[in-house]
Amino acid sequence: MPNSPTSLTLHSGTDWKRQLADVVRDGDTLLCALGLTPEQVGFSAAACRGFRLKVPWDFVRRMRHGDPDDPLLRQVLATGDELLDAPGFGDDPTGEAEGAVARAGILHKYRGRVLLVVAGGCAVNCRYCFRRHFPYDSNRVGRKDWAQALDYVAAAPDIHEVILSGGDPLVADDPALEDLCATIADIHHVRRIRVHTRLPIVLPARVTDRLLAALSPAGVQTVFVVHANHAREIDDGVGQAFQRILDAGMTLLNQSVLLAGVNDDIDTLAELSETLFAHGALPYYLHVLDRVTGAAHFDLPESRALALHAGLRKALPGYLVPRLVREVAGEASKTPLA
Ligand SMILES: *Cc1c(COP(=O)(O)O)cnc(C)c1O
Ligand code: SF4
């Protein structure tokens with residue numbers, strides 16, 4: 001229904017800001033909306049104090065009413081499991097805060113690609129997030145700091161790709177992103193802008209025409225890498241956002257995290273790939289969990305991850321099988337497991 005009033009509202013440039021300001025921030029509101037009790041789902045207010053609960057209504061509306069095991073709910077719900085002691089889990093599992101940060105806001109770990117921390121916040125707080133303890137305050141790039149971060153890129157002729165990351169880079173507003181991307185495109189050796197974002201999934205109204213224009217200045221190609229973990233995250237609104245990204249001529253990829261209780265079976269993973277492809281996105285990475293404090297209840301043994309991936313290879317054409325990878329501190333690329 002491309003011309004219906006609803007989709008016009010979705011396209012408006014102010015609607016996403018209203019939705020972002022209006023996210024659910026407390027367990028009672030969330031559980032009440034879903035007809036669930038805190039006891040049924042193991043909700044913990046104490047777990048929210050370390051990393052607050054945060055989820056857009058648009059995403060909540062895709063959760064099943066009355067289902068304590070809903071895979072979308074499980075990704076955002078703060079539970080008592082987060083407070084349990086888990087050996088081998090730490091605050092900085094990928095070694096980002098330690099040394100990889102060349103200067104405020106830049107992560108230059110891999111050759112040819114540099115990751116720019118555009119914004120510290122996200123529209124959603126995913127409980128398994130490996131950056132849930134990341135020191136954003138000492139690594140923040142505000143608009144005025146971007147110039148300094150980009151001097152670093154300009155001085156390194158082997159950097160061909162700038163990855164806008166965060167947090168979620170698309171919580172930054174359009175004028176800021178217009179400036180940033182225009183400046184990046186002016187750096188002669190940069191060929192690609194890549195955007196790592198979950199906003200097209202959790203708050204698809206963010207994908208406006210103005211945003212897409214901002215992200216595709218002349219002279220560079222743009223790659224969108226979105227983040228969905230379950231087919232049910234992809235509803236009509238997300239499908240329309242994907243279509244706008246594709247209509248803008250961009251490449252559209254998805255990365256997922258393998259999560260116990262959310263997507264740890266072959267049928268669920270196969271359906272995710274099928275649904276992504278039906279909407280024009282290709283599966284890129286399937287990450288095993290980074291061992292971050294508070295996320296141990298999402299972890300799976302590596303043997304299980306390998307078995308799931310082997311099953312997926314049998315169930316799907318090769319181009320629908322995401323690469324199973326782990327982020328290992330100090331390595332020169334993602335580490336393939338399969
Ligand atoms: C994952 C990651 C990248 C991108 O890696 P690709 O394999 O190109 O997707 C770049 N920089 C950092 C710091 C990363 O963690
Ligand atoms: S959107 Fe990404 S960066 Fe933000 S909380 Fe979720 S996993 Fe972490």
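Q: Where does Cys126 lie?
A: Start by placing a residue among the helices and strands. In this predicted model, Cys126 sits in the loop between strand 3 and helix 9.

Q: Is Cys126 buried or exposed?
A: Look at relative accessibility; under 20% means buried. Cys126 has 8%, so it counts as buried.

Q: What is Cys126 in contact with, neighbours within four places in sequence aside?
A: Contacts show what packs around a residue. Leaving out that sequence neighbourhood, Cys126 is in contact with Phe51, Gln75 and Arg198.

Q: Which loop holds Cys122?
A: Read it by its flanking elements. Cys122 lies between strand 3, residues 113–117, and helix 9, residues 143–154.

Q: Which residues does Cys122 touch, beyond four places away in sequence?
A: Cys122 touches Lys54, Gly167, Asp168 and Val171.

Q: Which residues does the UniProt annotation "binding site" cover?
A: Treat a record as a separate source from the coordinates. The unreviewed UniProt entry puts its "binding site" annotation on Cys122, Cys126 and Cys129. Of these residues, Cys122, Cys126 and Cys129 are included in the lining of the largest pocket.

Q: How is empty space found?
A: A probe the size of a water molecule is rolled over the atoms, and this shows where space is left empty. Here, the largest pocket holds about 1,100 Å³.

Q: Which residues lie nearest the centre of the largest pocket?
A: They are Phe130, Arg131, Ser165, Gly166 and Gly167, out of a lining of 50 residues. Strands 3, 4 (161–165), 5 (192–196), 6 (221–227), 7 (251–257) and 8 (282–287) are the elements that each give two or more residues to that lining.

Q: How many helices and strands does the chain have?
A: Count the elements before judging the overall form. The chain has 15 helices and 10 strands.

Q: Why does the radius of gyration agree with a compact globule?
A: Compare the value with what the chain length predicts. For 338 residues, a compact globule would be near 20 Å; the chain has 19 Å, so the two agree. Along the principal axes, the C-alpha atoms fill a box of roughly 55 × 50 × 45 Å.

Q: What share of the residues is buried?
A: Buried residues make up 56% of the 338.

Q: What share of contacts joins residues at least 24 apart?
A: Among contacts between residues at least 6 apart in sequence, 82% do.

Note on methods: Residues numbered from 1 in each chain as written. Chains lettered and ligands numbered in written order. Predicted model: local features only at pLDDT ≥ 70, side-chain atom pairs only at ≥ 80, totals over all residues. Heavy atoms only, no water. UniProt positions renumbered as here; feature names shortened; annotations may be inferred. 1 Å grid on protein atoms, 1.4 Å probe; cavity = no way out; pocket = protein on both sides within 12 Å on 5 of 7 lines; lining within 4 Å. Helix = DSSP H or I, 4+ residues; strand = E, 2+ residues; numbered from the N terminus. Contact = heavy atoms within 4.5 Å. Buried < 20%, exposed > 50% of the residue type's maximum accessible area, 1.4 Å probe, protein only. Rg over C-alpha atoms; globule rule 2.2 N^0.38 Å. Points joined across faces, edges and corners; volume = space filled by probe spheres on them.
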